[in-house]
Amino acid sequence: MNNNQNEQKTVICHPAEKSFEKELIAYKQKIANILESFTDAFFEVDLKWNVTFWNKECERILSKSREEMLGRNLWEVFSKAAHLKFYTEYSKAIKENIAVRFQEYVPSKKIWVEVSAFPSGESLSIYFKDITEWKRITRQLKKEKKRYYDLFNRSPVPQWLYDFDSLRILQVNDAAVRLYGYTRKEFMRMTIKELRPVEDIGALTHVLNNEVIKGRFNSSVVRHLKKNGDIIYVTVNGNSVFFGHGNVRLVMAVDQTEQIRAELELAMSEQRFKALVQDGSDLIGILDDQGNYKYVSPTTRQILGIDAEYFIGKNAFDFIHPVDRPATLAEFSRLETEKQVKLAPFRFLNAQGEYRWIETIVTDMSRDPAIQGIVSNSRDITARIESEQQARELLDRYTIVSRATSDAIWDWDIGSGKIEWNKAIKGIYGYSDTCYTEKWWERQIHPDDLAHVKNKFEKMIRLKKSKLQTEYRFRCADGTYKCVLDRSFIVFDDQGHPVRMIGCMQDITERQDHIRAIEEKNARLNEISWIQAHDVRAPLARIMGLVELLDGNNTEEALKNIFSYLKSSTSELDLVIKKIINKLD
């Protein structure tokens with residue numbers, strides 16, 4: 001019956017209908033071929049979740065054949081997936097009639113898939129592809145990005161990125177924030193010009209225009225300005241990198257402030273050393289262990305009148321006075337056990353064949369690779385030695401004088417402040433000791449005279465005068481004061497500093513008393529002379545005038561008046577004479 005019916009149908013089908021059916025079948029086959037050719041997996045379900053299409057890529061990825069899947073409920077086959085994002089997203093697409101796109105992990109296959117689903121009439125079309133490798137690469141890329149970001153941000157070297165055209169800072173690391181003191185937000189609002197002192201911006205512009213080129217590395221030492229206003233020296237290394245959507249410049253700034261300051265200090269130290277060695281007043285040499293010169297400073301020209309080159313290779317002891325040579329050699333040999341030795345002053349030959357007194361300190365620096373020898377630092381002390389000799393001669397003379405005189409002789413060591421006196425300090429002034437201090441001497445000077453004495457002493461030192469004479473009142477042991485005449489001589493060292501003072505203090509109290517007595521007598525005589533010139537002359541002149549009147553013819557009344565005036569004038573003259581006599585007593 002069925003065959004008849006089919007045959008009947010075949011008989012009654014219109015040729016046009018057959019053609020349409022063939023086209024439909026061909027179209028469906030064409031669609032199926034297209035869907036099969038997709039590189040993405042594709043399947044289709046109806047609104048009841050029954051699978052209506054399942055391509056080869058689905059078979060490969062999900063390991064389910066088309067025969068196993070067509071007509072079956074999707075969630076019955078993949079029941080575990082119903083608890084994942086697949087079910088909720090597919091349901092959302094059907095319910096809201098919208099396309100959805102998402103990524104999800106398939107635990108059963110241990111793969112990540114990217115899914116696109118969209119409703120199409122009475123069905124839901126789903127595309128998906130295996131993105132496990134892409135996920136792995138993305139995660140690795142994120143790790144690498146984080147690693148490189150950490151390398152940038154956690155680097156101990158300050159770094160930043162800036163736009164090549166606008167010069168605006170785009171990114172900055174923690175080290176730069178710590179070094180410069182700006183916050184990261186403050187940095188991001190700045191340009192690289194704001195990191196330079198105002199006076200250096202012109203130089204920066206020149207470098208940017210002429211030396212900083214895209215794709216080329218450059219390095220330079222520049223000055224940068226910190227937030228607190230400090231200026232630091234940094235070595236800036238820059239290169240072009242790709243960042244975001246354009247080319248930018250990556251900069252690393254190495255703080256070399258301390259190094260550059262150390263280099264500057266070293267240069268200054270070398271300049272100071274050069275000034276001390278070449279232009280100083282000391283004679284500096286380097287000798288070997290036998291005393292032969294390896295180096296001599298140019299100061300030998302002004303000290304000894306001999307060029308430094310003349311000494312090279314010659315033995316230093318050949319220039320020392322024969323009398324001083326043995327003792328100097330003996331002291332020099334102490335360097336075998338001592339690092340540094342101060343030699344006793346000795347005489348050294350100069351260009352004129354004369355000997356100059358030299359004071360020397362020798363230091364063994366043979367093990368220092370920069371020296372490799374014995375450093376001798378010498379100073380011409382001829383003037384000091386001569387002064388000391390003069391002082392000794394003076395002291396000897398003063399010693400002899402002090403034995404032959406009753407004057408107080410004193411010797412003041414200015415450095416220690418001690419003053420040694422001869423025995424006259426006991427016999428004349430009553431003190432029990434012969435050694436006192438400078439402060440003690442000042443306390444014995446009358447307070448009214450102390451400032452005057454000290455001023456004269458300071459003026460003598462300031463003017464570098466060696467002799468001083470002054471008078472003042474000096475207190476004796478019993479509290480009374482004597483007038484003294486102090487004559488002293490002062491000794492200066494090579495630098496003009498007073499080191500010693502020797503004096504002779506003479507008691508001039510009697511002389512001063514005698515002078516005061518004479519001055520008082522002269523004052524009285526001057527007063528008597530004034531009285532004679534003024535007080536005596538007036539009554540005497542009146543008496544003389546009255547006597548002349550007596551020679552004339554005078555009446556009794558007139559004579560009576562004359563005698564009255566004559567009596568008063570003589571009385572006045574008598575009083576004046578008594579006054580003069582009192583002045584003479």
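The chain exposes about 36,800 Å², of which carbon and sulfur atoms supply 53%; accessible areas come from the Shrake-Rupley method with a 1.4 Å probe, and for residues only the protein chains shown count as cover. The model is predicted: local features need pLDDT of at least 70, side-chain atom pairs count only at pLDDT 80 or more, and totals for chains, interfaces and linings use all residues. Residues are numbered from 1 along each chain as its sequence is written, and side-chain values use heavy atoms, with hydrogens and water left out.

The mean pLDDT (the predictor's confidence in each residue, from 0 to 100) is 82 for the chain, and 83% of its residues reach 70 or more. Over residues 1–11 the pLDDT is below 50, and this stretch has 1 contact in the model beyond near neighbours in sequence. A contact means heavy atoms within 4.5 Å.

The chain has 20 helices and 21 strands, taken as DSSP runs numbered from the N terminus (helices H or I, at least four residues; strands E, at least two). Of the 585 residues, 35% are buried; buried means under 20% relative accessible area, exposed over 50% and partly exposed in between, with a 1.4 Å probe and protein chains only. Among contacts with a separation of 6 or more, 40% join residues 24 or more positions apart.

**Cavities**

A cavity is a set of points, on a 1 Å grid over the protein atoms alone, where a 1.4 Å probe fits but cannot get out; lining residues have an atom within 4 Å of a point. Grid points are joined across faces, edges and corners, and a volume is the space filled by probe spheres set on the points. The count is 2 cavities of 30 Å³ or more.

The largest cavity has a volume of about 180 Å³. Its lining consists of 16 residues, and Tyr293, Ala316, Phe346, Thr360 and Ser376 lie nearest the centre. Strands E11 (283–287), E13 (340–349), E14 (355–365) and E15 (373–380), together with helix H14 (325–332), each give two or more residues to this lining. The lining divides into 12 nonpolar, 4 polar and no charged residues, where Ala, Val, Leu, Ile, Met, Phe, Trp, Tyr, Cys and Pro count as nonpolar, Asp, Glu, Lys and Arg as charged, and the others, Gly among them, as polar.

The second largest cavity has a volume of about 110 Å³. It is lined by 13 residues, with Trp410, Trp441, Asp486, Ser488 and Met501 closest to its centre. E19 gives the most to this lining, with 3 residues. By class, the lining holds 10 nonpolar, 2 polar and 1 charged.

| Residue | Relative accessible area | Class |
|---|---|---|
| Glutamine 444 | 5% | buried |
| Isoleucine 98 | 29% | partly exposed |
| Proline 498 | 22% | partly exposed |

Glutamine 444 lies in helix H17 (residues 438–444). Beyond neighbours within four places in sequence, glutamine 444 contacts Tyr431, Arg473, Phe474, Arg475 and Tyr481.

Isoleucine 98 sits in the loop between helix H6 (85–96) and strand E3 (100–106). With residues up to four places away not counted, isoleucine 98 touches Lys92, Ala93, Ala117, Phe118 and Pro119. The C-alpha atoms of isoleucine 98 and proline 119 are separated by 6.7 Å, at 21 residues apart along the chain.

Proline 498 belongs to strand E21 (residues 498–507). Leaving aside neighbours within four places, proline 498 is in contact with Ile414, Ile461, Ile490, Val491 and Phe492.

Notes. On a 1 Å grid over the protein atoms alone, a cavity is a set of points where a 1.4 Å probe fits but cannot get out, and a pocket is an open set with protein on both sides within 12 Å along at least five of seven lines; lining residues have an atom within 4 Å of a point.
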